[in-house]
Every structure is written in C-alpha cells, then in structure tokens.
Amino acid sequence: MREKDTLKHVGKRKQLAQLLMQKGIKNEAVLATIRNIPRHLFIDSSFDEHAYQDKAFPIGADQTISQPYTVAYQSELLEIEKGDKILEIGTGSGYQTAVLCELGAKVYSIERQKELFRKTKILLSKLLYRPKYLLFGDGYKGMPEFAPYKGIIVTAGAPYVPKPLLGQLAIGGRLVIPVGDDPQIMNLFIRKSATHFEKHELGEFRFVPMLEDKN
Ligand code: SAH
C-alpha cells in the first residue's frame, strides 16, 4: 500500500504552496489545501517524485491531473464559503474534488470516463473525502437534480459554454470555465439575475478537451 504521507512530502507541499503564492495565489484557505492534500496519492506512483512540481501529469484514459497552479487559480475564483454547493465537471484524479471538499464545499462532481470514475470514487473514500455526489455522466448536461449551485468549475477545455451550466447557477453564483482551443481562456461568469450574467475573460490555460458524448 502506498497510502502514505511522509514529512518529506509535507515539506515539498509547503514549497509548492510558497511557489503558488509567488505566482499570485492569495487566498489563504486555498493555499492551506495545497499544503494539506497528499497530491502524490492522486497520481501513479511512478510519478511520485514529481508530485509536488507545478505540473500536470497523466492519470490514465488519456487524461491529466491539472497543474497545481491551475487548481488553485480556479478554486480562488470560485470564492467558496463553507457549505456552498459546488458542481465540478471532470472529476479526473479527484485532486480538485479534494480541494473543494477541504474548502468546506458540498461537492457534486461529474466524470465521463468510467475507468477514472470508478478508480477515483474508491480513492476519495479511502482518503476520507466525502463529496456529496459523484456522477458517471456527461458534464455538458450538468446535474440539474441538485441545482442551483453557488459555484461551477469546469476542469476540461470547453469548445463553448454549455447553456445548462449557466442555467444551474444560483443568483450570485460563479461559473469558472476554460473556453476555446489550445490554449483556452479562463472565463468567469457571475450570475447577476435570472437573465443577466457578467462575463470576465482571464488568463490563458491548457486543458484536455471537454468531450461531447456521441449518443
Ligand atoms: N479535476 C481533474 C482534472 C482532470 S482532466 C483533476 O484534478 O484531476 C479533465 C477531466 O474531465 C478528465 O477526467 C475527463 O475525462 C473529464 N471530462 C472530459 N469531458 C467531460 C464531459 N463531457 N463530462 C464530464 N467529464 C468530462
């Protein structure tokens, strides 16, 4: 079993949090999640050495665990308060899910790759993270059963902004979504009223594509 955290790992996480601070992450609660969460347990053990570099890594099924800076950046944009309902599109390795849980969010997350969905569900429970609901399904549809959400975070590059996601946002809620083709532009939508969304275009990022189901 490699569900082990060591002082060495803790030290590396502190350094990573320091680096993210230098890169502009300010939210102390977000930085604390970087210091706390054993990222090396979310990736294949052959990458253990590199787990605390500020890099994305392959996690199987042609997917990647997002770069720590990106995770922190998107998490900061959500402005999460304890108890907020947050929907995540693209559970992937579960690392971002764990960050949201540690920030005190009630987390709902969707993954479309069965293999990853199964693996990550088991891992999160082993590590004692308790998202409210993990769904094997299509993120383009969101999760209307539990809407509205205070925040929605998309962790794959979307060719366009899916309408259902805007519709499932609470008034005052925030949707953080990378849009476009390599690279993507981070978009932040804030729902001001039933019909009005304020849009902000932020920096450039690189994500694996958000895939559409062909059924
Ligand atoms: N948050 C993840 C990022 C994984 S990469 C992490 O920190 O590890 C993006 C993930 O989005 C992949 O796991 C991919 O399978 C998933 N994905 C792609 N298109 C999707 C869709 N339409 N619905 C749900 N998940 C999708």
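These notebook entries record what I looked up on the pocket, the ligand and the backbone of a predicted model.

**Ground rules.** I number residues from 1 along each chain as its sequence is written, and I leave hydrogens and water out, with heavy atoms used for side-chain values. Since the model is predicted, local features need pLDDT of at least 70 and side-chain atom pairs count only at pLDDT 80 or more, while totals for chains, interfaces and linings use all residues.

I looked up the largest pocket and found about 540 Å³ of space in it. A pocket here is an open set of points on a 1 Å grid over the protein atoms alone, where a 1.4 Å probe fits, with protein on both sides within 12 Å along at least five of seven lines; lining residues have an atom within 4 Å of a point. The volume is the space filled by probe spheres set on the points, which are joined across faces, edges and corners. I count 35 lining residues, and Gln63, Thr64, Thr155, Ala156 and Val208 are the closest to the centre. The lining holds 16 nonpolar, 14 polar and five charged residues. Here Ala, Val, Leu, Ile, Met, Phe, Trp, Tyr, Cys and Pro are nonpolar, Asp, Glu, Lys and Arg charged, and the others, Gly among them, polar. β2 gives the most to this lining, with three residues. Helices (H or I, at least four residues) and strands (E, at least two) are DSSP runs, numbered from the N terminus.

**Ligand.** The ligand takes the space of the largest pocket; the test is that more than half of its atoms lie within 2 Å of the grid points. I list 26 residues around the ligand, with Thr64, Ser93, Glu111, Gly139 and Leu211 nearest; a residue is near if one of its heavy atoms lies within 4 Å. This shell has 10 nonpolar, 12 polar and four charged residues.

I then checked polar contacts (pairs of N or O atoms within 3.5 Å). A polar side-chain atom of serine 93 is 2.6 Å from a ligand oxygen atom. A backbone N or O atom of glycine 90 lies 3.0 Å from a ligand nitrogen atom. For aspartate 138, a side-chain N or O atom is 3.2 Å from a nitrogen atom of the ligand.

**Backbone.** Most residues other than glycine have a negative phi, and most peptide bonds are trans. I noted a cis bond from alanine 147 to proline 148, with omega near 5 degrees; proline 148 is in the loop between β5 (133-136) and β6 (149-154). Aspartate 182 and proline 183 are also joined by a cis peptide bond, with omega about -5 degrees.

Key:
A polar contact is a pair of N or O atoms within 3.5 Å; within protein, one must be able to donate a hydrogen and the other to accept it, and residues adjacent in sequence count only if both atoms are side-chain atoms.
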